[in-house]
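Trainee: I am new to this structure. Please take me through it step by step.

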Amino acid sequence: MHNQAAIVDEHHHHDSDATDVFGFWLYILTDCILFGTLFSTFLVLNYPGSPGPILKNYSNLHDILIETFLLLASNFTFCLASLNLYKDKLCKVQLWLVLTFLFGAGFVFMEVSEFIHMAHEGFRWDVSGQISAFFTLVGTHGLHVSFGLLWILVMIIQLPLLKITAITKRRMTYLGLFWNFLDIVWIFVFTIVYLMGAM
């Protein structure tokens, strides 16, 4: 009887894991569709010779490059946190997660500062469809990064309490995939929105 209960419990745990994995990848898929739609809208509204203010006159490519390096650095430090997680080195995981949070927070701070500066210069979301598409695309990415930072903060608090277990490892894996996804999206934003816009 005890063995049968153990088998049922293990089967339920396996089903729960499979549901988690499916749910997470379904979420990533919907995010891909969301960003694909936002990129398409941005490209359609920002055709060559479109009327209205031009992004390159208001954006600072040097600052955007610093933002990019901050986000890429946060991805690198998160990878180091994940490596130490599987070596059961809790203190090092905490350290790398804190650095990841700081790099990510620096990215969001610079992006918000950029938006405020643009608005003061007259490059506001309500001026034209092109500008609205820009703020919606870049702002949606920034919002995702902010939620990612909240998730990282939760992990920083949870890890000392729950210790390194199969559950915390799975949560860190999902967080890592989400954080990598945001980096990939930003590379497209940097290339399509800023680099192509600067040409």
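Trainee: Does Lys 163 count as buried, partly exposed or exposed, and what is its relative accessibility?

Mentor: This is a predicted model, in which local features need pLDDT of at least 70, side-chain atom pairs count only at pLDDT 80 or more, and totals for chains, interfaces and linings use all residues. Residues are numbered from 1 along each chain as its sequence is written, and side-chain values use heavy atoms, leaving out hydrogens and water. Buried means under 20% relative accessible area, exposed over 50%, and partly exposed in between (1.4 Å probe, protein chains only). Lys 163 therefore counts as partly exposed, at 46%.

Trainee: What is the phi of Lys 163, and where is the residue placed?

Mentor: Most residues other than glycine have a negative phi. Lys 163 is not a glycine, yet its phi is positive, at about 65°. Its place is in the loop between α4 and α5 (166-198).

Trainee: Which loop holds Asp 88, and what is the relative accessible area of Asp 88?

Mentor: Asp 88 is not a glycine either, and its phi is positive, near 60°. The residue is found in the loop between α2 (61-85) and α3. Asp 88 is exposed, because its relative accessible area is 51%.

Trainee: How are α2 and α3 oriented to each other?

Mentor: Helices (H or I, at least four residues) are DSSP runs, numbered from the N terminus. The axes, which are lines fitted to C-alpha atoms over the stretch in contact, with angles from 0 to 180 degrees between N-to-C directions, come within 8 Å for α2 and α3 and cross at roughly 160°. Angles under 35 degrees count as roughly parallel, over 145 as roughly antiparallel, 65 to 115 as roughly perpendicular and the rest as oblique. So α2 and α3 are roughly antiparallel.

Trainee: At what angle do α3 and α4 pack, and how far apart are their axes?

Mentor: Two packed helices are described by the angle between their axes and the distance between the axes. Helix α3 covers residues 90-120 and helix α4 covers residues 129-162. They are roughly antiparallel because of their angle, and the values are about 155° and 9 Å.

Trainee: What average pLDDT does the protein have, and which stretch is below 50?

Mentor: pLDDT is the predictor's confidence in each residue, from 0 to 100. The protein averages 88, and 89% of the residues score at least 70.

Terms used:
Helices (H or I, at least four residues) and strands (E, at least two) are DSSP runs, numbered from the N terminus.
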